Amino acid sequence: MDPFKNRQWVVILIIISVGIIFSFRLFYIQVINKDWSDRASQITSKTENIQPPRGFIYDRNNQLLVGAETIYDIYIHPSIIKPKDSSAICKLFNLTNEDFQEIIKNASSGYNVPYKPSVFIESMTQQEHAKISPYLGQINAVFAKSKIDRGYPSQIAAHLLGYIRRIDENQFQNTKAQGDFFYTKNDFIGITGLEKQYELLLRGERGNINYLKDYAGNKIETINKKPPKPGKSLYTTLDIELQKLGEKLMANKIGSIVAIEPSSGEVLAMVSAPSYDPSSLTGRDFSDNFNGLKQNDSLKPLINRPVYNDKYRPGSIFKLVQALIALDDGVISTETGFSCNKNIIGCHNHEKPNNLTKAIKHSCNPYFFQVYKRLILKDNTKSVFQTSREGLAIWVQKIKSFGFGNLLGIDLPEEKSGFIPDVDFYDKWYGKKRWAFSTIYSNSIGEGEIGVSPIQMANLASIIANRGYYYTPHIIKRIADQNVLKKFKIKHSTCVDKKHFEVVVKAMNEVVNKGTGRNARIDSIEVCGKTGTVENKTFNDHSVFISFAPMNNPQIAIAVYVEYGTWGSKWAAPIASLMMESFIKGSLSKKSIEKANKISQAVILNPNTNFK
Amino acid sequence: MKYRNLSIWRNIDKPLLIMYLLLSAIGYFIMYSSTFKGINIQTEFWSANYGKQLIWIIITLFAGLFILLLDGSFIKNTAYFTYGFILLLLILVLLTPPIKGARSWFYFTTFSIQPSEFIKLTLSLSLAKLLSDVGSRFQEFRTKLKAFFLIIIPALLIAVQPDPGTMLVFACFIFVLYREGLSGNFLLIGLFTVLIAVVGIFLKASNSIFHLAGNVISGNIFFVLILILGFIFSFLIIRYFVLPRYRKQKIQRLIIITLLGLSISGGINYVYDSVFSERHRTRFQIMFGIKEDRKGAGYNIYQALSAVGSGEGFGKGYLKGTLSNDKYKHVPEQNTDFIFCVLAEEWGFLGSFIFISLYLSTLIRMILIAERQRSKFTRIYGYCISGILFFHFMINIAMVIGLAPVIGIPLPFFSKGGSAILSFGLMVFILLRLDSERKVVLR
């Protein structure tokens, strides 16, 4: 007999024990412990956001201001590059061998892995892509993927539209902290202008897709998908043609144009000069161009001057407000006359200002010195300091009803309030009871500490055109199918009664027809305007002009500010005139076109500016 | 001729035949799923992996049929010849250019042959012939030496390729030799060695340190101390509790075992530091759960365990796996070494348990068949192939479920690969043929 026959049971026992051990182990990892199952779903499934297309922006006639442009990212897939491909890739993209090795290295290290494609050229324009696309098909390892960027068909209104940029770490954390979890680190966000103001509407709603992926991350099977909601389109109040003309006229100059429709407060044009092409702040060249505009340009082209620059002194246009307040206060009548005494305050030679109309027509400085004196020093029984305090306090209140010294509330994030010096300000500056009318009289002609933004100047023109009220200037007329926001339909009245406006309107008409603003005349249209020349100690004075037309049914109110423009009627008045003509008549006459071209070519810059 | 055929059919072991066919069929369907790219992808059936696999299965069945027609004595008599022939191929294969770092395959245009798959079969036959020859007695040292060389030569040739997985399978012959009378001590020593090695490697891999009487000592020195303490303790037990006449023998054994333990421990120390590369060390660290390296060396096992675990109780359903089939490829080598993942993922614990039961029943059935032979040759051969299949199964599954470090070794009847399908099929058919003659002859 076989003495070792029983040993079969040892072997069988070993086999069975291995089976038992394996079964327990499998029971543990498959049934008891769910960790591996969770890990499996982490490995296989992926949720990806789907970017909603950003809303478009149109002008008042539904012409596209901001649309979409298809751009291309070029991807490289290192693990499938064949030896013959590398020279073809180098040739196609103009690379040296070292560049190519560098690209492969980048595409295989860090976040990138060689078995997944990664971007190596970002945001190629359509033209660039068209040149290479026929050859791309021959190289498997390189391909293009299209995406949508902002596109600017007419390349205007850069400041007002604003720009978008990839969200930075700070903003990313801020939005998160505010409970807004919309953004990923790759998303773009509005930084300035309308893009910032209406970011929440423009960005739309993100969709997502949940899918099963393979080892390389390729999408294999969709589990569920929520399509994105595109951003809402904005319909602005801008008029493309007017905006274009304004930008043309302001070429080679520093300053602003703001045109408003007085009956609604809609902004028809808003020009900030110098300007830039909005499409330069898109795509791959963003950072180069941005740095060029931000750091290497002393003229600060990124600033939206019409709303942001509130340090402008208004100059003589402020006399209109003084006149209106004085009339309403009863300290003067339309027939009040003063002598043009140049000893008190400088003036130019003109006929005797024996009534208000003449004073406005010739912009007489001593006259308005007297007007302001009557406004401030009302009560002769008290000390001059005390009376000045009381007078100024009332005056400030009234001035503010014209929209000065406060934010108007235009729908642009950059708006600044301007500044009207008040009692507190002078108390701080000089000390209590250390100042009186004689200290602050330069306010009378819009100089001194007063700071006004161009939008506020245009709003003043609008107020006078409306004879006493204004609607908050705004840029958005319609959001998708929802009409203008409620707050833009509220009528704001000034403290001055309607009846006092007529004389000022007449005077403004005189200014254009016979006075300082003759450069603003338009054939067959009655224009009202007021020039301003703002003192500038370093170089030429600044040129200011506010205006509206036609006199009796105003369609447009406008403010033009040309820095270093010498005096009001030299540059600002003709620019305003051309803008109004174009808007009211729909086109410019032949003579005006010539004039516009001439203005457009004129270079008005401060030679003292430090050009880098 | 007709009578003979009938007699084969009557005497063939139907349970084993059915088990084999069942395993092959399940194996094929699992392999199909592992190679499945989704119904949308149109591939020529016969040029796809599952098409080729089916061709190999058909070839195997025909070859099996042919074997059933052969005479058992013919198989026995040609054993040395086939062994020599495959050994020659094993030498020749070392002259071919390496594929994926190993010289294991002869490449032809449409298929490739792996001689190391066939050496297991021919070695089994030769070993059976050697040990069953009249006149050779296993108790003789000469026979043991011959058997040793028969096994060690192909093992070394395979080590040169290198193919450590297949080489490891040769250890299964220790079961065969055990059954034929090799001292059980060898099994125990084997177990002892494995234990010491596992503890030793664990202590090295984890860089364990112990505090002893204020001194910080490294884990393996602590282990040596434990071994010596164990020796002293056992020595004292023998000294006081064993009858004097047995003492000498027991103490001899104790000394041998202790020295063995110490030398294995030292050997592990040396191999771990000097022979292993960082890659191997990392593998062990991952296996012991000391290190997690999802993206690097631990990638395979992490993905495999995720696939197995995600099968849960009842699986995701046939062709519905999301990790281990070719559509997703999260598990690498999913149609060869890691094919069990596909089964575990798509059929869950239930399927896995049935699979293990069926597989091991087949192996036990082979043992039982071997034991009922009057022919020593058939018995030894039966043990050989049961052992070979068992080792393949054990190492492969242990690797996939994270009980052993990653060692490349196919799962018989399941993994993609014509040579393996053919050679494992032939093993079974030869056993069936030899078994069917159990009543006819006495060899």
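Two strands pair if DSSP finds at least two bridges between them. The views below come from a predicted model.

**View 1. Strand β19 of chain A and its partner β11.**
Strand β11 of chain A covers residues 255-261. Six bridges link β11(A) to β19(A), and the two run antiparallel. Within this pairing, A:Ser256 has A:Tyr561 of β19(A) as its bridge partner.

**View 2. Strand β19 of chain A and its partner β18.**
Strand β18 of chain A, residues 542-549, also pairs with β19(A). Seven bridges hold this antiparallel pair. A:Tyr561 in β19(A) is the bridge partner of A:Val544. A hairpin of six residues connects β18(A) to β19(A).

**View 3. Burial along β19 of chain A.**
Is the strand spanning residues 556-562 of chain A mostly covered or mostly open? β19(A) is mostly covered, with seven of its seven residues buried. Both faces are covered. One side carries A:Ile556, A:Ile558, A:Val560 and A:Val562, all buried.

**View 4. The open five-stranded sheet of chain A.**
The strand order is β12-β11-β19-β18-β17, and the pairing is antiparallel. β12 (266-273) and β17 (528-534) of chain A stand at the edges. Each edge strand has a single partner, so one side of each lacks a neighbour in the sheet. From one strand to the next, the twist averages 5°.

**View 5. The β17 end of the sheet, with helix α20.**
β17(A) pairs with β18(A) in the antiparallel sense over seven bridges. Here A:Thr531 has A:Phe545 of β18(A) as its bridge partner. Helix α20 of chain A, residues 501-513, packs on the sheet and touches β17 and β18 of chain A. The direction of α20 makes about 70° with that of β17(A).

**View 6. Helix α10 across the sheet of chain A.**
Helix α10 of chain A spans residues 240-249. This helix lies across β11, β12 and β19 of chain A. α10 runs at about 25° to β12(A).

**View 7. The largest nonpolar core.**
This core holds 126 residues. Which members touch the most other members? They are B:Phe173, B:Phe340, B:Phe355, B:Tyr381 and B:Phe414. Helix α15 of chain B (residues 340-371) supplies the largest share, 17 residues. A second, separate core has 93 residues, including A:Tyr198, A:Leu234, A:Leu375 and A:Phe425.

**View 8. Close-up on B:Tyr381.**
Leaving out residues up to four places away in sequence, B:Tyr381 touches B:Leu121, B:Ser124, B:Leu125 and B:Ala128, among others. Its contacts also include B:Leu426, B:Met427, B:Ile430, B:Leu431 and B:Leu434.

**View 9. Chain B and its two domains.**
Domain 1 of chain B comprises 2-181 + 291-436, and domain 2 comprises 191-276. The C-alpha centres of these two domains are 37 Å apart. Chain B contains 17 helices and four strands. Its C-alpha atoms fill a box of roughly 75 × 60 × 45 Å along the principal axes. Buried residues account for 52% of the chain. Among contacts in chain B with a separation of 6 or more, 71% join residues 24 or more positions apart.

**View 10. The domains of chain A.**
Chain A is divided into domain 1 (37-63 + 154-236), domain 2 (69-133 + 142-147) and domain 3 (240-275 + 304-601). Between domain 1 and domain 2 of chain A, the C-alpha centres lie 25 Å apart.

Key
Residues are numbered from 1 along each chain as its sequence is written. Chains are lettered from A and ligands numbered from 1 in the order in which they are written. This is a predicted model: local features need pLDDT of at least 70, side-chain atom pairs count only at pLDDT 80 or more; totals for chains, interfaces and linings use all residues. Side-chain values use heavy atoms; hydrogens and water are left out. A nonpolar core is a set of buried Ala, Val, Leu, Ile, Met, Phe, Trp, Tyr and Cys residues joined through side-chain atoms within 4.5 Å. Buried means under 20% relative accessible area, exposed over 50%, partly exposed in between (1.4 Å probe, protein chains only). Contact means heavy atoms within 4.5 Å. Domain bounds come from an automatic or database domain assignment. Axes are lines fitted to C-alpha atoms, for helices over the stretch in contact, and angles run from 0 to 180 degrees between N-to-C directions.
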